[in-house]
Amino acid sequence: MAKDLPPPYTAMSRHPMMPRAAHDEAARFNFLTHFNRYLSGNIGAGNRLAYEKRVLPAFRAEHGRDPEHRYEIRDAMNRDEWHRMWSALKRNSMEMRQHFGRQVVLRQLDELDAMARQFNEHSGQLELDPAIAQPHYQTAVDIHCQPGGYHSEERPGDVTVGANYDVGLFATTGGALGGFNDGGGQAVVGWVKAERPDWSPKRILDIGCTIGHNAVPIAQAFPDAEVIAIDTAAASLRYGAARAAAMGVKNIRFVQASGEDLSRWADGHFDWVQTTMFLHELSAKAMPRILAEANRVLSPGGLILHIEQPQYSDDMPLFEQFMRDWDAFNNNEPFWSAMHGQDLKQVMAEAGFPREAQFVAGVRAVVDPEIFPPSPDAGAEDYGRAAIWNAYGAWKPLADERQAAA
Amino acid sequence: MSGGEAPLDWVTLSGKRAKGKRPDFFENPALDRLYSTVFALAAEVSALRERQDTIERLLEAKGTLSRADIETYVPDRAAGEERGLSTQAYIARIMRGFQQEVEAMEAHDPPIIDVVERLSRE
């Protein structure tokens, strides 16, 4: 029996807003699921071999030293025939995922739009604000090579980009995020419940929620809490709110707002501020602004938690940093490299979270093991894409309150 | 149709380019184009294989079938694993050139002429 056999697309859980994939559409996603695993697993080792056997020796011969930065490795590897072929394969896989997903969504967009409108009109869980501008870091390129990014419309009021994100995430991640693509949010819930079993946050803010696939499991796990999920992109929020309503999750509201300006919420309003795979979609100036705002709206004793791939540190080999940087340059993730190169603890400290209040924890996607095999975690590492993350967080000190009052 | 709007041209729209310059992976742009076509075809062949498998399974189980049967077919766990394994094996076949290049990098064989010359001597 072959190892790491991913489940078929049809094993995904269905919620009413999920675009319906016809037989061959599901089969195309099945191909991509296997193909992605093949690229990272079966032949991914070719990159390391090319580096160790010829790229690194050639670099040493030319420079008389080892590479000192991941960018030096990138320049050298981008001239290597193997790495170029492998990158072409992977880029094409990403492009196919978008094309296939958009075919599924666009051919049934009338029904999807109508259904979303119905859910959103009746649920009251969607609050759009046309005055919210799209930040430059969201519009400079279409992130993840998703045509239209997460904010554009095919026609006014449509749900294309949100639906396309949801329908194809399974293939991109090789099924590692579980039936509702919510393995990241489930991981957060699992960590919090283990860390503070008796904690019952009342007000939770999720910044950069897109379609809410990681915020909904938090709302489900804390039914007495009110979850506010914000994003600047109405096109994603429309789908996300309808998706949550369709799943019967009522204690979450989708609000169009920028994390850089949370002024509509008072100081200390939230018990928990969450971002999941979001900080790397920002910019050098936006990230500290958002973290400072998050600090302001977080109540003393509250939790801030960011789920990201591990930061690059001096302990991480330069070759691994280079591989983890692939998406930055080949899959339209322009802040990925700079963000992962930062000392996030320092950035958090400057935003007001004292270092002694911070922690880093490892979490992995929580999925139904009956259907979804665990994400491969050793050897065949899918750099930057495995469903294994670091949680960078802090419990905001109660002392802040006393200092502020003094 | 909602609000009497013209139908969307979903075939054209679905292929829209993502904003942001695409890297050139090869010196010859024709190779970049060729990769796009070859692997889109590979996905289509995989989908066709799966459709064929669906038809065979439905015929075996029911003796007859309709198109709706095919479109709504959901493999059970055992069938899903068989089909997954079949897709894995299919990908292994079309990717042999890449896979064997990885092995070649590991093995680091000398040029065949070296072996030819050695055997002519020793």
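This is a predicted model: local features need pLDDT of at least 70, side-chain atom pairs count only at pLDDT 80 or more; totals for chains, interfaces and linings use all residues.

Trainee: Which residue stands opposite A:Phe270?

Mentor: That's A:Leu298, in strand 6 of chain A. Further along, A:Thr276 has A:Ile307 of strand 6 of chain A as its bridge partner.

Trainee: OK, zoom out for me. In what order do the strands of the chain A sheet line up?

Mentor: The order is 1-4-3-2-5-6-8-7, which makes an open sheet of 8 strands with mixed pairing. At the edges you find strand 1 (126-127) and strand 7 (358-364) of chain A, and each of these pairs on one side only.

Trainee: What holds strands of a sheet together in general?

Mentor: Backbone hydrogen bonds, in either a parallel or an antiparallel arrangement.

Trainee: Let's go to strand 3 of chain A. How many of its residues are buried?

Mentor: Strand 3 (residues 226-231) of chain A has 5 of its 6 residues buried, so it is largely enclosed by the rest of the structure. With strand 2 (residues 203-207) of chain A it pairs over 5 bridges in the parallel sense, and A:Ile207 stands opposite A:Ile230 there.

Trainee: How does the chain get from strand 2 to strand 3 of chain A?

Mentor: By way of helix 9 (residues 216-221) of chain A, in a right-handed β-α-β crossover.

Trainee: And on the strand 4 side, which sense is the pairing with strand 3 of chain A?

Mentor: Parallel, over 5 bridges, with strand 4 covering residues 252-256 of chain A. A:Ala229 has A:Phe254 as its bridge partner in strand 4 of chain A. The chain crosses from strand 3 to strand 4 of chain A through helix 10 (residues 234-246), and that β-α-β crossover is right-handed.

Trainee: Switching to helices. Which residues of helix 8 of chain A are buried?

Mentor: The buried ones are A:Gly183, A:Gly184, A:Gly185, A:Gln186, A:Ala187, A:Val188 and A:Val192. Their cover includes helix 9, strand 5, strand 6 and strand 7 of chain A. Helix 8 (residues 183-195) of chain A has 13 residues and spans 18 Å from its first C-alpha to its last, close to the 18 Å expected at 1.5 Å a residue.

Trainee: I also had my eye on A:Arg48. Which helix is it in?

Mentor: Helix 2 (residues 45-63) of chain A. A:Arg48 counts as partly exposed because it has 14 other C-beta atoms within 10 Å, and the band for that label lies between 12 or fewer (exposed) and 20 or more (buried).

Trainee: How many helices and strands does chain A have in total?

Mentor: 16 helices and 8 strands. The radius of gyration of chain A is 21 Å, close to the 22 Å that the globule rule gives for 406 residues, so chain A is as compact as a globular protein of that length. Buried residues account for 54% of those 406 residues.

Trainee: Last topic, the contact between the chains. How many residues does each one bring?

Mentor: Chain B puts in 47 residues and chain A puts in 52 residues. On the chain B side, helix 2 of chain B gives the largest share, at 11 residues.

Trainee: And how does that chain B side divide into nonpolar, polar and charged?

Mentor: 23 nonpolar, 13 polar and 11 charged on the side of chain B that touches chain A.

Methods
Residues are numbered from 1 along each chain as its sequence is written. Chains are lettered from A and ligands numbered from 1 in the order in which they are written. Two residues are in contact if their C-beta atoms, placed from the backbone, lie within 7 Å. Helices (H or I, at least four residues) and strands (E, at least two) are DSSP runs, numbered from the N terminus. Ala, Val, Leu, Ile, Met, Phe, Trp, Tyr, Cys and Pro count as nonpolar, Asp, Glu, Lys and Arg as charged, and the others, Gly among them, as polar. Two strands pair if DSSP finds at least two bridges between them. A crossover is right-handed if, with the strands pointing away from the viewer, the path from the first strand over the helix to the second runs clockwise. The radius of gyration is taken over C-alpha atoms; the globule rule is 2.2 Å times the number of residues to the power 0.38. The expected span of a helix is 1.5 Å times one less than its number of residues.
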